[in-house]
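Subject: Structure handover

Hello,

Here is the structure for you to look through. Please open it beside this email and follow along.

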Amino acid sequence: MMTRLTFRTAGESHGQALVGILEGMPADVPISVDAINHELARRQQGYGRGGRMRIEKDRARVLSGVRFGHTLGSPISLMIENRDFKNWHTIMPVEGEDTGAKRVTVPRPGHADLAGAIKYQQRDMRNILERASARETATRVALGALARQFLQQLGIGIASHVVQLADVRSPYSLIDYGKPEWTLPLNELNARADMSPVRCLDHEAEQAMMARIDQAKANRDTVGGIFEVVAYNVPVGLGSHVQWDRRLDARLAMAMMSIQAMKGVEIGDGLGGACRFGSEVHDEIFYDADRRQFARNHNHAGGIEGGISNGMPIVVRVAMKPIATLMQPLQSVDIVSKAPVAAHRERSDVCAVPAASVIGEAMMALVLADAVLEKFGGDSLNEIRTRYDAWQEYVRQR
Ligand code: EPS
């Protein structure tokens, strides 16, 4: 789905390190490693994370593709060390005999354990869960931070906030952007959300969300939720209507759905639009003569029509299921003895929705950077900027 900018990740959750390669970044994009580490730190925040986050303090080591703080146009590779590996080196060595320590033979319902073990013909489900783990998302956030720094050069920004946690809803939704009741500038959204332990914009809802996490923890249970990601200052014309896999909404949906534990993606009104009349759902078109551009009073479409960005903020809402590792385990079966037993328990988080919203931002950045490169081409930032500015001028003169 990503054609101009592509990436790969590798690494096991308790292995030595996570690594990532980003290919297709143009030359001369200013890169700050601090900015990558800032995003990594944001992903590690959030009320409801487990003990692992006290062990890890993720930092990216850029290995290639950047020189004197600027991209070279060559593949960018980076690694993030797993600090926890020191506690796992006898369980996760590259060579040696398998002693069976920490072997997992009881699959967790809702996890990749069982289907993965059958598919890969493994008797130790550790060989599946190590890679299925959402630890992998640290790499995506690091690579997404590179894409984000490229987009920033063109003025495109990305932010997110949590709109629901279990049954508790925030009164704010980016669907209301453009209505008088939405007063928060989008470029201030992240600063506000980052101040909240659950990345929620509303204090009362935030407190209720934290209470739900406490309740789940006390019951040795887990909770999921919903977050919204927004991209603003996005030019008209990213994506295309001409082929199914060029549609920007489809590309974003795939990217969001690929994040571990995500179970639903909506663009703009999403599912809500299906139960209303067309007159309530479609954003009427005006011409704003002062700003010399077409305008809308609402953003029900979430910034995408016909698979093409329309210049309004792109709004994607993503639902995360509760984490599958429960401290009060569900019923399962030992795959060797076939006896009914309680599912495998592994130290885990009670809630990772705030972290997931940061991962959603990274995926949005990667998809949009790819779409920008598809539309404007070019090998260097300068070349892209020239074409980008010419395009913006063309759009204004229509
Ligand atoms: C995860 C289980 C937990 C989480 C982990 C994702 O790890 P552990 O099994 O080591 O306690 O902390 O998330 C991270 C390590 C991370 O960096 O986000 C899982 O099974 O998905």
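Start with helix H11. What covers its buried residues includes strand S3 (27-30), helix H5 (137-153) and helix H10 (353-376). Cover here rests on contact, meaning heavy atoms within 4.5 Å. Helices (H or I, at least four residues) and strands (E, at least two) are DSSP runs, numbered from the N terminus.

Two notes on how to read the rest. This is a predicted model, so local features need pLDDT of at least 70 and side-chain atom pairs count only at pLDDT 80 or more, while totals for chains, interfaces and linings use all residues. Residues are numbered from 1 along each chain as its sequence is written, and side-chain values use heavy atoms, with hydrogens and water left out.

**Helix H11**

H11 spans residues 381-396, which makes 16 residues. From its first C-alpha to its last it reaches 22 Å, close to the expected 22 Å. The expected span is 1.5 Å times one less than the number of residues.

Which residues of H11 are buried? They are Leu-381, Ile-384, Tyr-388 and Trp-391. They lie on the same side of H11, because they cover an arc of only 90° around the axis. The arc is that of the directions from the helix axis to the C-beta atoms. An α-helix has 3.6 residues a turn, so residues three or four places apart point the same way. The face turned away from the buried side of H11 carries the exposed residues Asn-382 and Thr-386. Buried means under 20% relative accessible area, exposed over 50%, and partly exposed in between (1.4 Å probe, protein chains only).

**Salt bridges**

How many salt bridges does a search of the whole structure find? It finds 28. A salt bridge is a side-chain nitrogen of Lys or Arg within 4 Å of a carboxyl oxygen of Asp or Glu.

Take Glu-56 and Arg-135. Their side chains meet in a salt bridge at 3.5 Å, N to O. Glu-56 lies in the loop between helix H2 (52-55) and strand S4 (60-64), and Arg-135 in the loop between helix H4 (126-132) and H5, so the pair ties together parts that are 79 residues apart in sequence. Both residues, Glu-56 and Arg-135, are buried.

Next, Asp-167 forms a salt bridge with Arg-212. The closest N and O atoms are 2.6 Å apart. This pair also links distant parts of the chain, 45 residues apart. Asp-167 sits in the loop between strand S8 (157-165) and strand S9 (168-169), and Arg-212 in helix H7 (residues 203-218). Asp-167 counts as exposed, at 52% relative accessibility. Arg-212 is partly exposed, at 27%.

Arg-276 and Asp-269 pair up too, at 3.0 Å, N to O. Arg-276 is partly exposed, with a relative accessible area of 38%. Asp-269 counts as buried, at 7%.

There is also a network. Salt bridges that share partners join Glu-39, Arg-42, Arg-148, Asp-194, Arg-199 and Glu-361.

**Backbone**

Ala-166 has a positive phi, near 50°, and is a residue other than glycine. Ala-166 is in the loop between S8 and S9. Arg-220 is not a glycine either, yet its phi is about 55°. Arg-220 lies in the loop between H7 and S10.

Over to you.
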